[in-house]
Amino acid sequence: MDMRSIWPQPALRSGAVWLASRPQPEIERFLEGLSENARMALPYLFDFWALPHQLPPEGDWKTWVILGGRGAGKTRAGAEWVRRMVEGARPGDPGQARRVALVGETIEQVREVMVFGDSGIMACSPPDRRPEWQATRKRLVWGNGAVAQVFSAFDPDGLRGPQFDAAWVDELAKWKKGREAWDMLQFGLRLGEHPRQVVTTTPQNVPVLREILDRASTVLTSAPTSANRAYLAASFLAEVTEKYGGTRLGRQELEGELLAESEGALWPATMIEDLRLDAAPPLDRIVVAVDPPVTGHSGSDACGILVVGAVTAGPPQDWRAFVLADRSVETASPQVWAKAAIAAYHEFGADRLVAEVNQGGDLVETVIRSNDPLVAYRGVRASRGKAARAEPAAALYEQGRIRHLPGLDRLEDEMTAMTARGFEGRGSPDRVDALVWALHDLMIEPAARFRAPRMRSL
């Protein structure tokens, strides 16, 4: 007997995990011990099957946001929450909510995903509680009188007038008119003693979602795609993990992370996603660039250590650079970061180790030489602010001349927080600083000398 043939859409948790892990004879004894009604009802007892992120949190919340990777079970959680709100103890009994708004990007997506999808309301509802779809009125009607009306986020004005005591909002982060549609929904969510709403979405860094998450009345649950692996094709998981694992897109679409990006970022996330490369070509030069922290105690910034190589054959406009690795270390003493930088220097066969000396002065070179006196070393000193120094490096990215190898997500997070106004992330952009020094040494300064031999580089 195959458990999945009995319950085609369960998301295993707690008792369900225990049941599915039992030997077949024990499973059969468990099922035989249930009454016929219990066996028929069990597939629809979502509290038994649900993953933790699919169950409503406790507390007096107004908005429950479910962030998840693709296939993490967000739709099922939204559909089951609507059931929980509208169904009573018996088929004809009233539930907690009687007027529900179902809001998606388009009417078609609401109908095909939220209503009739494999994990939608109709598929999740037991036969004696399944609502009627009234296509001409774009609504679901339950036997107890509850109604769920369908709305499109493309038409925010369609939410003017109707009022609700509950709402399910799907894929809010991709709505083109997200702000307008969300605001109109809030004006209509005014019935009952405690109107509530659920938002199920793959995270994207859009203002309306950030503001919702910042509200004290919002609760959040989240899960990666892999949380629901038991009911996803193994080949799908393997392929998307191999292709997108460790990338910003993968962290968003598979891990369900909300990734920050500052307005006016010098390196927008969309630009970074186009940089992916599995391996670098043969390189003419490789440098290890270091941005040392001022001190080495627990409150210090990280030490940015980036390995970057370049192909510099031909004129400067043909040069290309490849960010090979991030070897940065957190809260490191001078000896620790020096050893890490020298290890990267030898690991990649670098031609030079470049270190900023504004803070450490001669001590930077001293600590490096004390570990390896033969390292080809160059100290560099900043005379301009971080943002001004970063702009020429960002221009190389805009020209499509830089590529990233896997494993650079921490660097990329810092890049999306660097703007012309300065760094708008937490702490200091140590990795970005190291990246900029590497690109100056490999491409920007040599190109300036190539064009004007007497010009002094900045």
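Colleague: In which loop is the place of Ser226?
Modeller: Ser226 is found in the loop between strand S8 (218-223) and helix H11 (234-244). Helices (H or I, at least four residues) and strands (E, at least two) are DSSP runs, numbered from the N terminus. This is a predicted model, in which local features need pLDDT of at least 70 and side-chain atom pairs count only at pLDDT 80 or more, while totals for chains, interfaces and linings use all residues. Residues are numbered from 1 along each chain as its sequence is written, and side-chain values use heavy atoms, with hydrogens and water left out.

Colleague: Why is Ser226 called partly exposed?
Modeller: Its relative accessible area is 26%. Buried means under 20% relative accessible area, exposed over 50%, and partly exposed in between (1.4 Å probe, protein chains only). The 26% of Ser226 lies in between, and Ser226 is therefore partly exposed. In space, Ser226 and Arg70 are 9.1 Å apart, C-alpha to C-alpha, although 156 residues separate them in sequence.

Colleague: What makes Thr270 exposed?
Modeller: Thr270, in helix H13 (residues 269-273), has a relative accessible area of 61%. This is over 50%, so Thr270 counts as exposed.

Colleague: Why is the aromatic pair of Phe116 and Trp133 called edge-to-face?
Modeller: Rings of Phe, Tyr and Trp (its six-membered ring) pair if their centres lie within 6.5 Å; planes under 30 degrees apart count as stacked, over 60 as edge-to-face and the rest as tilted. The count by this rule is 4 aromatic pairs. For Phe116 and Trp133, the centres are 5.7 Å apart and the planes stand at 85 degrees. The distance is within 6.5 Å and the angle over 60, so the pair is edge-to-face. Phe116 lies in the loop between helix H7 (107-115) and helix H8 (121-124) and Trp133 in strand S3 (residues 132-134), so the pair ties together parts 17 residues apart in sequence.

Colleague: How do you know that Arg196 lies over the face of Trp61?
Modeller: A charge sits over a ring if NZ of Lys or CZ of Arg is within 6 Å of the ring centre and within 35 degrees of the ring normal. Arg196 is at 4.0 Å from the ring centre of Trp61 and lies over its face.

Colleague: What makes H6 mostly covered?
Modeller: Of its 13 residues, 11 are buried, among them Trp81, Val82 and Met85. The elements that cover these buried residues include helix H5 (46-49), strand S1 (63-68) and strand S2 (99-104), where contact means heavy atoms within 4.5 Å.

Colleague: What is the phi of Lys138?
Modeller: Lys138 has a positive phi of about 50 degrees, although it is not a glycine. Most residues other than glycine have a negative phi. Lys138 is in the loop between S3 and strand S4 (139-141), and its 39% relative accessibility makes it partly exposed. Glu171, likewise not a glycine, has a positive phi of about 55 degrees and belongs to the loop between S6 and helix H9 (178-188).

Colleague: How many helices and strands are in the protein?
Modeller: The protein has 18 helices and 16 strands, and 49% of its 458 residues count as buried.
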